[in-house]
Amino acid sequence: TGIEKEHTNRQKRQQALQEGLEEASAGEDTRKAADSRFREFEAQGLLAKFRTWSTDDLEAIAVLGAGAFGTVFLAKQKESEEQYFAVKQM
């Protein structure tokens, strides 16, 4: 199922982080900080995945393409300067 696949992917990301920290010979404080950031990032990703979006959340920047089935816009999230999306208007 999708939930099992997501869980497996999360475990793989966690393992890759741990291996990277071991290769870098990171100290205990660095490991704890990295683990905390990883958990925060994963939680944000999970919340965003299940968030209900509306056009009020986005600001259109440019038209990427237009065709018989709608127009695709480059849009940015109003709350963040770093989140960009391709949005199709039908």
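1. Helices (H or I, at least four residues) and strands (E, at least two) are taken here as DSSP runs, numbered from the N terminus. With that in hand, the protein chain reads α-α-β-β-β from the N terminus on, that is, 2 helices and 3 strands.

2. A word on provenance: this is a predicted model, where local features need pLDDT of at least 70 and side-chain atom pairs count only at pLDDT 80 or more, while totals for chains, interfaces and linings use all residues. Residues are numbered from 1 along each chain as its sequence is written, and side-chain values use heavy atoms, with hydrogens and water left out.

3. The C-alpha trace spans about 55 × 35 × 20 Å along its principal axes.

4. How much of the protein chain counts as buried? The figure is 14% of the 90 residues, with buried meaning under 20% relative accessible area (1.4 Å probe, protein chains only).

5. Now the strand pairing (two strands pair if DSSP finds at least two bridges between them). Strands E2 (residues 70-77) and E3 (residues 84-89) run antiparallel and are joined by 6 bridges. The hairpin between E2 and E3 goes through 6 residues, and leucine 74 sits opposite alanine 86 in E3.

Definitions and conventions:
Buried < 20%, exposed > 50% of the residue type's maximum accessible area, 1.4 Å probe, protein only.
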